[in-house]
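Please look over the chain shown below before reading on.

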Amino acid sequence: MAQKKIRKAVFPVAGLGTRFLPATKAVPKEMLTVVDKPVIQYVVDEAAEAGIEHFVFVTGRGKGVIEDYFDIQYELEQMLRERNKNAELSLLADLLPTAGTASFTRQQIPLGLGHAVWCARDIVGNEPFAVLLPDMIMSSEKSCLKGMVELYEQTGGNVLAVEECDPEQAHKYGIVGVGEKVGEGFRITEMVEKPAKGTAPSNFYINGRYILQPEIFGILETQERGAGNEIQLTDGMLALARNQEFAAYHFKGETFDCGAKDGFILANLAFALQRSDIRPAIEGPLKDMVSRLA
């Protein structure tokens with residue numbers, strides 16, 4: 001049976017970004033730049049590559065600049081035209097979503113990821129959708145979400161992206177149990193949030209990409225608060241898993257947690273080295289810095 005197409009993606013961008021103070025006092029963490037693009041642009045690009053048609057941003061106070069970023073800046077574009085900056089004009093046009101394909105809704109109170117996803121319910125409607133955590137940016141030949149969509153077309157139901165971690169570190173993550181192999185992944189037999197050391201069912205952890213069925217909204221609406229006194233998405237998925245199947249897409253690229261300072265710095269280095277216009281200028285100095293660590 002053909003599955004409903006994944007047309008919409010939800011981006012929870014309401015977080016305060018306290019780990020990056022003082023910068024995030026004035027600049028949303030999603031607008032911090034990796035090389036020359038905001039973190040959120042990398043995540044939106046990943047969604048677009050996967051065929052997403054409607055981008056839903058769940059924002060909070062002080063995040064209006066994200067909405068402005070995905071809009072036309074008439075004064076800037078006029079200045080670029082006057083100075084014949086055609087390459088820059090083309091770049092801005094390529095990054096701009098088509099009119100009507102970006103929606104913004106507010107999470108007035110920071111009640112957790114599950115609550116942020118629930119805030120998008122009326123925009124998403126009764127269809128499966130993707131969730132992409134904006135802190136996590138990924139590097140691979142095929143985007144993570146595109147691979148998930150391909151697996152979803154085989155399995156239906158719900159799909160989570162997973163990666164392998166050191167088994168000794170499994171207690172730090174949301175871990176899944178490994179079932180029957182399917183496509184570029186496997187059926188999920190169980191989900192455990194931060195299992196006690198030595199009890200994890202595998203070393204596959206959920207990496208911040210989800211494809212979920214709309215029934216999750218009804219669960220999140222009445223769900224009690226969990227860890228951190230917040231409405232946790234993992235708790236909602238556990239409830240959904242009682243009636244629906246979950247599959248895991250095994251992502252084999254690189255993931256950078258740009259919500260942490262070390263991940264943000266590594267992302268800048270990795271993406272800069274991928275750029276033919278930047279790598280020649282930084283490769284030598286970077287090697288010199290590394291050599292001095294010895």
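**Pockets, fold and surface**

The largest pocket is lined by 39 residues, and those nearest its centre are R19, L113, L133, D135 and Q232. A pocket here is an open set of points, on a 1 Å grid over the protein atoms alone, where a 1.4 Å probe fits and protein lies on both sides within 12 Å along at least five of seven lines, while lining residues have an atom within 4 Å of a point. Helix 5 (113-118), strand 11 (204-212) and helix 9 (233-240) are the elements that give two or more residues to this lining, and strand 11 provides the largest share, five residues. By type, the lining of the largest pocket divides into 18 nonpolar, eleven polar and ten charged residues, where Ala, Val, Leu, Ile, Met, Phe, Trp, Tyr, Cys and Pro count as nonpolar, Asp, Glu, Lys and Arg as charged, and the others, Gly among them, as polar. The volume of the largest pocket is about 1,400 Å³, a volume being the space filled by probe spheres set on the points, which are joined across faces, edges and corners.

This is a predicted model, in which local features need pLDDT of at least 70 and side-chain atom pairs count only at pLDDT 80 or more, whereas totals for chains, interfaces and linings use all residues. Residues are numbered from 1 along each chain as its sequence is written, and side-chain values use heavy atoms, with hydrogens and water left out.

The second largest pocket holds about 440 Å³ of space, and of its 16 lining residues, Y69, Q73, L76, L92 and L95 lie nearest its centre. At least two lining residues each come from strand 3 (37-38), helix 2 (64-69), helix 3 (74-82) and helix 4 (86-95).

The chain as a whole has eleven helices and 13 strands, which are DSSP runs (H or I, at least four residues, for helices; E, at least two, for strands) numbered from the N terminus. Its radius of gyration is 20 Å, close to the 19 Å that the globule rule gives for 294 residues, so the chain is as compact as a globular protein of that length; the radius is taken over C-alpha atoms, and the rule is 2.2 Å times the number of residues to the power 0.38.

Among the 16 salt bridges of the structure (a side-chain nitrogen of Lys or Arg within 4 Å of a carboxyl oxygen of Asp or Glu), R7 pairs with E127, with the closest N and O atoms 3.0 Å apart. This pair links distant parts of the chain, 120 residues apart, with R7 in the segment before strand 1 (8-12) and E127 in the loop between helix 6 (121-124) and strand 6 (129-132).
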